[in-house]
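Work through these exercises with the structure open. Try each task before you read its solution.

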Amino acid sequence: MTELNHTMPQPPAAPPAQAVPPLRKPWPVEKRERRLLPLSLALSFLLVSFLLDWMDGQWMRLPGTGITALTVAWYGALFLYRGTAGMEKRANRVLLGTVALLALTFMLFSNQWFRFWNCGALGLLIAVHTWELCGGARLPWQEAGMLLERLWLFIKGPFVCCGALLDTARSVKQGRNLSRALPAAIGVLVTVPALWLVSSVLMDADALFALVAGNVLGGLEARFGQSLARLLLAMCVMPFLFSLLYFAAHTEQPPKAEKARAGRDPLPAVMLLGALDGLYLLFLAVQSAALFGDQAYLVRAGISFAEYARSGFFQLVGLAGLNVTIILAAVWLCRDSKGLRLLSTALVALTTVLLVSAAWRMTLYVGAYGLSFKRLLTYWGMGMLSILLALTVRKVWKPEFQFFRTAAPLALAGWLLLNYANVDAIAARYNSTQVSAGRLPLSAVENLVYNNCGYDGLASCDCGLADSLWLREMAAADCGSWTTWSVSAWRAAKG
């Protein structure tokens, strides 16, 4: 019996149980997510229409009112989706006003350089403000590092929550109020091809019906065919805008914990600052002979006074900005020391003299050749650098002072002031007045027309120039599209 038991066949072993893959965690979907579906589609349709209309013959001119409309649409969709939570904070109200003023410049003015820079500035500001409203960023706005953090959130937002669109669509399908949406869509898909087929047969059968129906169908195609194509493109863009808005409303990150920072040995920074101070002292000693001496010194050196006046101011302004950066980096990285403070303060003083020298050269050049957009921009840059230098001195002697918290609002205010000052009109009025007084040649006005950046100064620099007519024709072309329209172009086209 024992042998029989050993020789009997054993039943086959059961196969090992396979692990069941876990179900995908659904995206949180509420009533506001269902409301986001039409909002993101409308925003996508506006974006597609803007791009198509702008590229249709106007892509060489940077957009105007179209950017203003897109900004309004973005905030409209954001507030309708998640409400106005966060606007109780003063910083968010100030940021919204800043964004509104910056977006309005596209509608009011036409300077192409400002439009180019403002596109980047407006995108960065919207990214900062969106995550300040939603509270999903780790760094507070007072820290300079938050610019890169929020820009990165704005870049990855369109791609990380596309799956939420599917869950939202499924929740809409399960709703009672839209239970007949699918049959209605099927009815449209069946009816439209059937009508097209029967109409084609009837048009072949009767010439009079073909004439009448052809006119009707042609009008319908012209009116709705383009809109249908844009709607299809908008549906392709919609998942990304839905993802961006969803991501902004659901981003939750713990605030970054502040870590105690041990400063490094200040000796390298002291050596660098000392070397720069000595070099700038030598430079200013050589330069003072030309600035405060007579023109005979320049003649002996083989340099004309006009050449000396127009050279160097852009380089000097750039060096002033570099010096501010070096001082702030030294104060932030190194341990506090008396030598570091003294050398940093000396470098600030020498940088101030450099700015005075640059302003002197620029004034000499403007007196000889007139104002222009770039020269006025340089004056503004020197003024802003002077403010930053004052803040830098405070940071040197008071390390706990939050430099970016004060400098960022001042820089934004200065940039808005420069935009609304209408730089082109200022340059045109100044040069026209100097030409009328005989202190500048007519070329000072002609150069503003030939090297135009917009139409804002056209009324002041006409001076009977026939060549300005092509500018008015260009302004009329800009007014032909809502994407490039602006008050400045409208006034120039009207004459």
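Buried means under 20% relative accessible area, and exposed means over 50%. Keep in mind that this is a predicted model.

**Exercise 1.** Decide whether Thr-392 is buried or exposed, and list what Thr-392 touches.

*Solution.*
Step 1. Find Thr-392 in helix H15, which spans residues 373–397.
Step 2. Take its relative accessibility, 0%. The cut-off for buried is under 20%. Therefore Thr-392 counts as buried.
Step 3. Leave out residues up to four places away in sequence; Thr-392 then touches Val-324, Ile-327, Leu-328, Val-348 and Phe-403.

**Exercise 2.** Describe the largest nonpolar core.

*Solution.*
Step 1. This core has 58 residues. Trp-74, Leu-122 and Leu-245 have the most contacts inside it.
Step 2. Helix H9, residues 207–250, gives the most to this core: nine residues.
Step 3. Look at Trp-74. Not counting residues up to four places away in sequence, Trp-74 touches Leu-43, Ile-126, Thr-130, Phe-154, Leu-244 and Leu-245.
Step 4. Now turn to a second, separate core of 25 residues. Val-324 and Leu-350 are among its members.

**Exercise 3.** Find the largest cavity and sort the residues that line it.

*Solution.*
Step 1. The structure holds one cavity of 30 Å³ or more. The volume of the largest cavity is about 110 Å³.
Step 2. The lining has 13 residues; Phe-109, Ser-110, Asn-111, Phe-114 and Asn-419 are the closest to the cavity's centre.
Step 3. Helices H4, H5 and H17 each supply at least two lining residues. H5 gives the most, with three.
Step 4. Sort the lining: four nonpolar, six polar and three charged.

Technical notes
Residues are numbered from 1 along each chain as its sequence is written. This is a predicted model: local features need pLDDT of at least 70, side-chain atom pairs count only at pLDDT 80 or more; totals for chains, interfaces and linings use all residues. Side-chain values use heavy atoms; hydrogens and water are left out. A nonpolar core is a set of buried Ala, Val, Leu, Ile, Met, Phe, Trp, Tyr and Cys residues joined through side-chain atoms within 4.5 Å. Buried means under 20% relative accessible area, exposed over 50%, partly exposed in between (1.4 Å probe, protein chains only). Helices (H or I, at least four residues) and strands (E, at least two) are DSSP runs, numbered from the N terminus. Contact means heavy atoms within 4.5 Å. On a 1 Å grid over the protein atoms alone, a cavity is a set of points where a 1.4 Å probe fits but cannot get out, and a pocket is an open set with protein on both sides within 12 Å along at least five of seven lines; lining residues have an atom within 4 Å of a point. Grid points are joined across faces, edges and corners, and a volume is the space filled by probe spheres set on the points. Ala, Val, Leu, Ile, Met, Phe, Trp, Tyr, Cys and Pro count as nonpolar, Asp, Glu, Lys and Arg as charged, and the others, Gly among them, as polar.
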